[in-house]
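Have a look at the model first.

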Amino acid sequence: MAKKPPPRGKVQQQARPAGSGGMNKVAVLMILAALVPFSLPTVVVLFFTMLPTMGAWASEKGAHKYAWLCVGGLNFSGVIPYLFTLWFGVHTLDEAFNMLSDGGLLLWAYGTSAIGWLIYTAMPPMVASWLSFTTDRRVAALKAAQKKLVEEWGDEVTKKNG
């Protein structure tokens with residue numbers, strides 16, 4: 001039996017070879033590895049301050065890993081002011097270790113990642129409650145509309161044709 005052609009205007013998605021995405025990752029990693037000697041102070045600060053993000057990424061199971069995005073976004077937002085200070089100030093390894101030993105940097109980085117964990121754990125129950133509330137309101141509105149229709153048209157509209 002002959003295959004049907006795809007509908008007009010629609011483009012068929014072609015399957016990519018199994019290893020095609022890996023080459024891009026290797027290229028990106030090679031570029032990043034080449035930049036490390038030029039930005040070692042930045043790498044040191046990022047490594048020690050982004051540990052909660054790495055932990056969130058490594059510990060989460062399943063196909064959908066979203067904790068590292070929530071934690072990492074807020075974690076990085078706590079680190080970025082210090083990175084700007086490092087980039088536009090003295091960009092040396094000594095200064096990076098001085099910033100890390102100060103404590104304020106780690107407090108901001110780990111504190112903002114804790115807020116990220118809080119948001120990640122608190123949002124699903126809040127969204128579920130909101131969806132339940134709006135669904136209940138919608139059901140009540142539909143029942144009221146149904147009751148009004150029955151009053152207007154009579155009970156015969158509720159009976160099934162059999």
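## The pocket

How much space lies in the largest pocket? About 360 Å³, a volume being the space filled by probe spheres set on grid points joined across faces, edges and corners. A pocket here is an open set of points on a 1 Å grid over the protein atoms alone where a 1.4 Å probe fits, with protein on both sides within 12 Å along at least five of seven lines; lining residues have an atom within 4 Å of a point.

Those lining residues are Leu29, Leu32, Leu35, Val36, Ser39, Val43, Thr53 and Trp68. Helix H1 (residues 20–35) gives the most, three residues; helices are DSSP runs (H or I, at least four residues), numbered from the N terminus.

## H3 against H4

H3 (residues 51–59) packs on H4 (residues 67–88) at about 175°, axes 8 Å apart. That makes the two roughly antiparallel, the word for angles over 145 degrees. On the H3 side, Pro52, Thr53, Ala56 and Trp57 make the contact, and H4 brings Ala67, Trp68, Val71, Gly72 and Asn75 (contact means heavy atoms within 4.5 Å).

## H2 against H4

H2 (residues 40–49) crosses H4 at roughly 155°, and their axes come within 11 Å. This pair is therefore roughly antiparallel too. Among the residues that meet are Val45 and Leu46 in H2, and Phe76 and Leu83 in H4.

## Ground rules

The model is predicted: local features need pLDDT of at least 70 and side-chain atom pairs 80 or more, while totals for chains, interfaces and linings use all residues. Numbering starts from 1 along each chain as its sequence is written, and side-chain values use heavy atoms, leaving out hydrogens and water.

Technical notes: Axes are lines fitted to C-alpha atoms, for helices over the stretch in contact, and angles run from 0 to 180 degrees between N-to-C directions. Angles under 35 degrees count as roughly parallel, over 145 as roughly antiparallel, 65 to 115 as roughly perpendicular and the rest as oblique.
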